[in-house]
Structures are given as C-alpha cells and as structure tokens.
Amino acid sequence: MHRKLWWLFACLWCAVAGVASAQAQEVSGQSRQLWQLLEYVAVDYGGAVENGVIASEGEYAEMLDFTATAQKQIAALPEHPQRAALAQQIAQLQQAVHDKAAADQVAELAHGAAASLVQAYPFPMAPAFVPNLTQGAQLYAQQCASCHGANGDGNGPAAAGLEPPPIAFTDSERADARSLAALYQVISQGVEGTSMTDYSHLPEEDRWALAFFISTLSYDAALKQQGQQQWQADTALRNHFSEMGALTTATPTSIEKALPQADGRAALAYLRAHPEVINAGKPTGTALSRLRMQESLAALHSGDTAAAMRLGLSAYLDGFEPLEPAVAARDKSLMLAVEAAMLQYRAAISRQDVAGAQAAAQQLEAALQQVDALLQDGANDTKATFLGAFTILLREGLEALLIVIGTVALLRRANRRDALGYVHAGWISALVAGGLTWVAATYMVEISGASRELTEGLGSIFAAVILLSVGLWMHSKSSAGRWQEYLDSKLQHALGKGSLWGLFTLSFVAVYREVFETVLFYTALAADGHYNALAGGGLAAAVVLVVLAWVLLKTSARMPIGKFFSATSILVGALAVVLIGKGAAALQEAGWLTATPVAGPRLEWLGTYPTAETLAAQAVMLVIVVAGFGFNMLSARRPTPAKA
C-alpha cells in the first residue's frame with residue numbers, strides 16, 4: 001500500500017490543482033469576453049444611433065444582440081455577491097440601447113458595468129512590463145498598415161472592398177471611448193464578422209506594444225506636450241496613475257470624472273506615448289512598506305477590513321520581503337523583528353483591533369528606520385553580500401539536497417538504476433526552470449511577493465505530503481528481512497512508468513521551490529552591485545553542497561540495509577514536519593492562511609514559527625508520522641503467515 005500511496009498523493013495533487021486552474025481560466029475567459037462585449041458597446045454605439053435616431057440598422061442590431069448576449073453571459077458566471085448588481089447594470093444598459101439613448105449615456109453605463117465586472121471577476125488588465133512603442137510601431141507597419149493605413153486613417157492599400165471598412169485609429173471620438181485594455185483584447189481576439197483577425201499568435205509583449213502604439217495615433221504632438229506639462233505639475237494626476245492598470249483602463253471621461261481639474265485627453269496623449277513615467281519614482285522597499293501601511297491604516301479606520309488586510313500584506317510582500325536577504329545577512333534579529341511586527345499588525349486587523357494595529361504599526365516604523373540605517377551603512381559591505389549569498393544558497397539547497405540524495409540512495413540500494421534518470425531529470429529541469437525564472441524576474445516581469453510565497457508554500461506542502469508517504473513506506477521496510485523479501489518479490493515491478501514520473505515530480509518540486517526563492521533573494525542582493533561577492537558566496541555554498549552530497553551518498557552506500565532504511569525514514573519523516581511548517585508559514589505570509597501569534601521561538605531550520613496555525617500543522621504531521629511508525633512496528637512483530 002505504502003509504495004503506491006505517495007504516487008496517489010501526487011496524482012491527487014495534480015488533479016486538484018489542474019481542475020482548479022482550469023476552472024479559474026474558464027471563469028477568467030468568460031469574464032474577459034463579457035468585458036469585451038461591454039467595451040465594444042461603449043465604443044461602437046455612437047455609430048449606430050445619432051440624436052435618438054438609428055444611423056445604421058446593421059450596427060444597431062449588433063448593439064441589441066451584444067447587450068442581450070451580455071445578459072446571458074452574466075447569468076452564466078459563478079455565483080458572487082456582486083453578480084445581481086452587475087446583472088442590474090447590464091439590464092440598464094440594455095434598456096438604454098432599446099430606448100436609443102445618447103451615446104455618452106450608453107458609454108457611461110457600459111464602462112460602469114465593465115469596471116464592476118473586473119472587480120467581481122478579475123482578470124489581467126495590464127502588462128507586468130513597460131510596453132515598447134518603438135517595437136509597436138514596427139509591428140504596426142508589418143501587420144496593420146496595409147488595411148488601417150500608414151498613419152492609422154483606415155485607408156490602407158488593402159482596405160478597398162472590405163466590409164465593414166477598417167477602423168480609423170485617427171478618429172478622436174472613437175479613440176476617446178476606447179481604453180487600452182479594450183484595444184488589447186481586440187488585437188488578441190479579433191472581431192467576429194469583420195476582416196479583423198486575432199493576433200493571439202503574437203507574444204503578449206508584442207500585443208501590448210501594438211495596443212499602446214495604436215492608441216497614440218489620434219493625438220498630435222501639441223496635445224502630448226500639453227499632457228506632459230500637466231503630468232509634471234499635477235500631483236493628484238500622478239497619484240491617480242500609480243500603477244499600469246490605471247492607465248490601461250482609463251478614458252478621458254473616467255479621468256475627468258475622478259479629477260475634474262484634469263484634461264483627460266491631454267493626459268492620455270502623454271501617458272500612452274510615455275508609459276515608462278508611470279513607474280518612474282515609484283516607491284520601493286521600506287518606502288513602499290510605509291506607504292502601504294498608511295493606506296492600510298486608513299482603510300482600517302474607515303471599516304474596510306478586507307482592504308486593510310490586502311494592503312498590510314502588500315507592505316510585507318512587495319515592500320519588505322525583497323530586502324529580507326540583505327537585512328538577514330547583516331542583522332538577523334532585526335529582520336525577525338520586522339516580520340513579528342508585520343504579523344502582529346495583520347493579527348490585529350483580523351480581530352478588528354484598531355488600537356492594536358496602530359501600536360503594531362508604530363513598532364514596525366521604528367524597525368523600518370533601523371532597516372534604512374542598516375542598509376545605508378552596509379551598502380558598501382561586500383562581506384555581508386558574500387555571507388548572505390552563501391547562507392541563502394546553503395540553507396535553501398540543503399533541504400532539496402536531502403530529498404534528492406535520499407531518493408537516489410534508495411534507488412541505488414534497490415538496484416533500480418534505470419529509475420535514476422527520472423530523478424536526475426527532475427532536479428536538472430528544476431535548475432533550468434530556475435534559470436528561466438531569473439531571466440523573467442530580471443528582464444520581463446515583476447514577480448509579486450504573494451506569488452513568491454504561494455510557490456514556496458504550496459511546494460512545501462506538496463513535498464511534505466509526498467515525504468510523509470515515502471517515510472512511512474520506508475519505515476515499514478526497515479527490517480532487513482522484510483526489505484530483502486520486498487526486493488525479491490515486488491520492487492522490480494512496483495516502479496512502473498507512473499511511479500517513475502512521480503519520482504521526477506518529487507525531484508522537480510523539491511528543488512524548484514528552493515531554486516525559486518534563491519533566485520529572487522539573489523536578485524535582491526544584486527541590487528547592491530557587489531557581483532563578485534555575490535558570485536563568490538554562491539560558489540562557496542555550491543562547493544559545500546557538493547561535498548555534503550558526496551558524503552551522504554558514500555555513507556548511505558556503506559550502511560547496512562536495515563539501518564539505512566530506518567535512519568532514512570526518520571529523516572524523511574522529520575523533513576515532512578519541517579516542510580509542513582514552512583508551507584503553512586508561507587501561506588500565512590501570502591494571506592491564504594490566518595496567523596495567530598503565540599509565545600515561542602522561531603526556528604526556521606525546523607520550520608517552527610510562533611503562530612498557532614503553523615505549530616498545529618506541524619503537530620498534526622508529527623502525530624501522523626509517529627502513529628504511522630508505531631503501526632509499522634506493531635505490524636513487524638506479527639508472525640508472517642506460512643506460505644502454502
């Protein structure tokens with residue numbers, strides 16, 4: 001039973017994760033399609049009705065069809081507290097179209113419903129990078145100019161005879177009604193019933209580059225300069241566009257509604273042409289932590305507990321966590337003090353304890369001031385960078401090493417060298433994936449703190465469950481006689497193709513969760529610019545890990561089979577307890593699990609953290625391990641039935 005249990009857990013994990021991912025993608029796709037319908041109505045209704053009179057029978061029929069379809073699609077989305085209100089908004093939009101209402105009224109209703117939809121059923125609305133408009137211009141010339149014209153006037157050489165004719169991107173009225181996100185969706189999915197095909201085959205960065213470039217074609221240089229002057233002079237405008245999503249969903253009307261003093265067209269003319277200014281001067285590190293804490297406290301005082309918790313998590317995940325390796329390398333106790341204050345703050349929010357949250361925020365501010373001083377003093381400390389790089393890789397690599405070496409030793413003792421390739425393929429693939437993660441984190445996307453913690457947390461829990469089943473199985477075979485009997489009769493057939501791929505999965509997950517965290521910590525350490533010290537620390541840690549691997553393999557090869565299985569099963573069981581604690585702590589930091597602080601030590605190498613939830617998770621795992629080992633020992637004492 002035990003020899004198949006760990007593979008069953010792996011299959012169950014993958015199945016549950018796959019179903020959840022598929023469901024999430026399906027809902028995201030439905031929401032995105034409905035959003036596109038609403039945005040399409042907002043942009044195109046003006047061409048269907050003018051002054052209460054139908055201007056185009058075909059386009060008006062399309063508006064009626066789209067709003068009716070929108071009603072059906074909102075009803076098909078999963079249950080949500082805001083779904084009824086959303087359906088009411090869409091019903092009002094549908095009625096306005098039936099009544100041939102003014103274009104600005106219909107656009108306002110459609111945009112309002114679309115905004116509510118994204119809040120209830122979110123999907124990505126902005127790129128995680130700054131689009132390259134030069135690249136967008138080149139793509140436009142290659143892909144779009146033949147129909148839409150070199151300057152976007154809709155009179156390209158291939159436009160003749162197309163029905164409906166290509167859109168004129170220079171049409172300012174139409175451009176003002178269309179957001180960048182809506183333009184991106186049209187580029188990605190095309191428009192049914194027209195010559196506009198989808199460009200989903202293009203990479204995401206190319207589609208966003210196209211959308212940004214096309215969005216500039218209705219603005220002249222004077223308007224862009226006017227927008228630049230406004231941007232530099234208006235603090236409220238800069239605060240309004242604090243992140244890329246605010247730009248990709250904005251229209252002139254939405255800007256002027258939020259900021260009556262602003263010229264929406266001029267602002268968009270400048271920002272769409274220069275999206276890089278959105279992130280210029282954006283707070284990071286402790287400055288971002290302070291900003292998010294201020295916003296969180298304001299939300300808590302207003303009674304919005306959910307927003308207060310979300311912003312409190314961001315203060316840690318997006319502000320402080322990237323600094324952790326640099327702080328820990330210089331002053332580990334200070335790093336722990338910041339984490340403890342963050343934990344106390346989130347716990348106070350959970351209790352809706354405003355006074356407690358305020359006190360924790362004051363403690364955190366004092367600790368952050370020490371962090372600022374520490375990092376400033378240590379900016380030129382190459383020793384700290386070397387030590388940080390060494391300890392991080394050694395700490396993260398040791399757990400993965402124990403799991404992989406244990407698996408390799410097991411297979412060697414079982415004389416299943418044919419299965420070793422799956423284990424080696426797993427950890428090698430994890431290293432390659434880690435390299436790609438480094439490229440992505442450095443040059444392509446910003447990996448959020450929540451993503452980091454979820455990857456580590458879910459990976460830890462997955463590995464803990466697999467190790468639990470493996471440890472129980474190994475302990476059941478720790479008797480030399482039992483192991484030899486198992487070898488002779490069953491093992492050679494036990495590791496089929498499915499089990500071998502299970503070995504690959506375990507090896508990959510065990511290594512990648514550590515590589516993922518190491519890559520992100522090294523990226524943070526590299527900000528100091530001490531690249532030689534960083535590389536030296538990493539190389540030294542790698543040498544130590546190689547020596548440890550050699551010693552472990554040699555030791556396991558010389559150990560008697562019974563002692564080997566007994567010792568290894570205890571080690572694997574202990575690792576399961578450690579990893580379940582680390583996984584629970586990571587999920588707490590990502591906001592997936594509540595955190596109730598308790599008195600006690602923080603021992604990261606044991607996966608022990610001073611919260612009730614992490615200690616409870618470790619206690620449950622420890623009970624299962626001990627009970628499983630006890631059951632195995634009782635079973636070993638029972639007489640083996642005589643064979644006929």
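Author: Welcome! Let's start with one idea: two parts are in contact when their heavy atoms lie within 4.5 Å. Keep in mind that this is a predicted model.

Reader: Thanks! Which helices do the buried residues of H5 pack against?

Author: They pack against H6, helix H9 (204-215) and helix H14 (264-273). The buried residues themselves are Leu-133, Gly-136, Leu-139 and Tyr-140. Around the axis they cover an arc of only 110 degrees, so they sit on the same side of H5.

Reader: And which exposed residues does the face turned away from that buried side carry?

Author: That face of H5 has Thr-134, Ala-141 and Gln-142, which are exposed.

Reader: Now the rings. How many aromatic pairs are there?

Author: Ring centres must lie within 6.5 Å to pair, and planes over 60 degrees apart count as edge-to-face. The count is five aromatic pairs. In one of them, Tyr-140 and Phe-169, the centres are 6.4 Å apart and the planes meet at 65 degrees, so this pair is edge-to-face. Tyr-140 belongs to helix H5 (residues 133-143), while Phe-169 lies in the loop between helix H6 (145-148) and helix H7 (172-176), 29 residues apart, so to speak a link between distant parts of the chain.

Reader: Is Trp-550 buried or exposed?

Author: Exposed means over 50% relative accessible area. Trp-550 has 54% relative accessibility, so it counts as exposed. Trp-550 is in helix H25 (residues 531-558). Together with Leu-539, Val-543, Val-547 and Val-551, Trp-550 forms a nonpolar surface patch with about 490 Å² of accessible area.

Conventions. Residues numbered from 1 in each chain as written. Predicted model: local features only at pLDDT ≥ 70, side-chain atom pairs only at ≥ 80, totals over all residues. Heavy atoms only, no water. Phe/Tyr/Trp six-rings, centres within 6.5 Å; stacked < 30°, edge-to-face > 60°. Helix = DSSP H or I, 4+ residues; strand = E, 2+ residues; numbered from the N terminus. Patch = residues over 30% accessible without salt bridge, like charges linked within 9 Å, V, L, I, M, F, W, Y side chains within 5 Å. Areas by Shrake-Rupley, 256 points an atom, 1.4 Å probe, with all protein chains shown as cover. Salt bridge = Lys/Arg side-chain N within 4 Å of Asp/Glu carboxyl O. Buried < 20%, exposed > 50% of the residue type's maximum accessible area, 1.4 Å probe, protein only. Arc of directions from axis to C-beta.
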